[in-house]
Amino acid sequence: MNSYDELRAAARTGDGALAADPEVRAALDELAGRTMAARRTPRRRAVPILAAAAATAAVLCGVAVLQHDGPRPAAVTQRASPLRTGTFGGGADGSEWLNLGSPGLPAYLDDATARVPLPSGTGWTALRRQFASDGERMQETSVQLNIVRYALCAWHDHPGPRIDNALKELTEWRPTARGAHGEIVPPRDPDLLRPRADRAALAAYAAAQCGTNWRLAGARR
Amino acid sequence: MTGEQRFEAAVRRDGPALLGYLTRRTDAPEDAADLLAEVFATAWRRVADLPPGDEARLWLYGIARRTLANHRRGRVRRHRLAARLREHLAARADGGDDPDDRVRDALRALSDRDREVLTLTAWEQMTPAEIAVVLDLDPGTVRARLSRARARLRAALEKADARAG
């Protein structure tokens with residue numbers, strides 16, 4: 001037996017065996033169906049819900065009844081946890097502490113990631129999920145630093161044909177975090193500049209910071 | 001064909017192969033269920049980009065590969081939707097095949113790049129041209145990488161045999 005045959009034989013699970021297993025097929029069908037249903041439900045239900053809300057509003061207006069002591073609307077509840085805390089760091093990092101549990105975080109991340117290139121087909125989902133931990137706060141420079149770190153790891157894992165351009169673009173990336181007086185707060189990690197310019201430096205950086213070594217950098221509280 | 005129909009057709013046709021791809025690359029087979037749920041969720045979210053015909057298979061492998069890389073970067077997320085598949089895979093693993101440790105050790109000794117092209121060709125039975133699509137590389141680069149990786153695997157196995165013998 002040659003090494004190629006041995007390698008094939010070493011596969012733990014054969015696709016044929018999986019495809020022939022009726023329980024696997026049933027579970028896959030169920031998973032696919034539920035995936036579609038889970039993502040479809042909010043959109044499809046939006047119209048009836050809006051219609052019901054409009055109808056309810058019309059009835060309430062018609063009889064001129066206004067309830068002031070009912071449940072608080074979602075928008076009011078969300079304003080209770082703003083992204084910007086108004087608390088700024090002292091010392092080397094004077095940027096603002098951001099509330100990562102805030103509903104304003106996704107929009108902030110949309111803006112902050114827009115200037116940072118990722119390999120085609122990859123996305124920010126894993127990073128967004130890591131950030132979104134209710135009740136914890138992180139300084140704005142750290143949030144932005146983690147975005148660049150994550151992009152560097154993604155480029156190392158998926159070095160597509162655009163990698164050289166992307167690293168060049170990343171060298172031009174500058175943080176936008178501001179201090180209490182509106183001044184730009186520079187990042188505190190000068191080592192991050194090297195992998196942004198050089199593929200060899202990127203490999204060294206990735207060995208230390210990516211894969212199983214990946215963690216969000218920066219204090220949380 | 002609507003996006004919904006194309007998605008259903010693609011996951012029905014390629015689901016078992018994608019599950020096999022993930023199972024062969026995770027330590028715990030049941031993790032593959034959660035990763036597959038993530039792959040399906042991503043594919044469904046991006047269903048407008050789902051290419052027609054056989055390209056859909058390679059597109060799904062591309063998503064699976066990135067999902068796996070994210071998984072290695074962090075912890076696997078438990079999907080409520082994957083509970084049934086997870087339980088079944090865990091039960092299946094108890095009576096499953098016994099992998100050849102010698103080959104797996106040799107494979108583990110290779111670089112990620114070598115391992116990836118070798119396993120895509122040996123386990124997923126992809127051609128270099130197909131691997132090139134999944135890895136977003138030039139087919140010539142894949143062929144050269146594959147040739148070097150095969151030589152390194154052969155050398156690693158010979159070394160293991162010499163040590164054992």
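Two strands count as paired if DSSP finds at least two bridges between them. Helices (H or I, at least four residues) and strands (E, at least two) are DSSP runs, numbered from the N terminus. This is a predicted model: local features need pLDDT of at least 70, side-chain atom pairs count only at pLDDT 80 or more, and totals for chains, interfaces and linings use all residues. Residues are numbered from 1 along each chain as its sequence is written, while chains are lettered from A and ligands numbered from 1 in the order in which they are written.

Reader: In what order do the 3 strands of the open sheet in chain A stand?
Author: The pairing is antiparallel. β1 (84-88) and β3 (137-139) of chain A stand at the edges, each with a single partner strand, so one side of each has no neighbour in the sheet. The order is β1-β2-β3.

Reader: Which residue in β2(A) stands opposite Arg84(A)?
Author: β1(A) pairs with β2 (residues 96-99) of chain A in the antiparallel sense, over 2 bridges. Opposite Arg84(A) stands Leu98(A).

Reader: At about what angle does helix α7 of chain A run to β3(A)?
Author: Axes are lines fitted to C-alpha atoms, for helices over the stretch in contact (C-beta atoms, placed from the backbone, within 7 Å). Angles run from 0 to 180 degrees between N-to-C directions. Helix α7 (residues 140-157) lies across β2 and β3 of chain A, and its angle to β3(A) is about 80°.

Reader: Which helix gives the most to the side of chain A that touches chain B?
Author: The contact takes 40 residues from chain A and 44 residues from chain B. Helices that each supply at least two residues of chain A's side include α1 (3-9), α2 (15-20) and α6 (125-131). The most, 12 residues, comes from α3(A).

Conventions
Contact = placed C-beta atoms within 7 Å.
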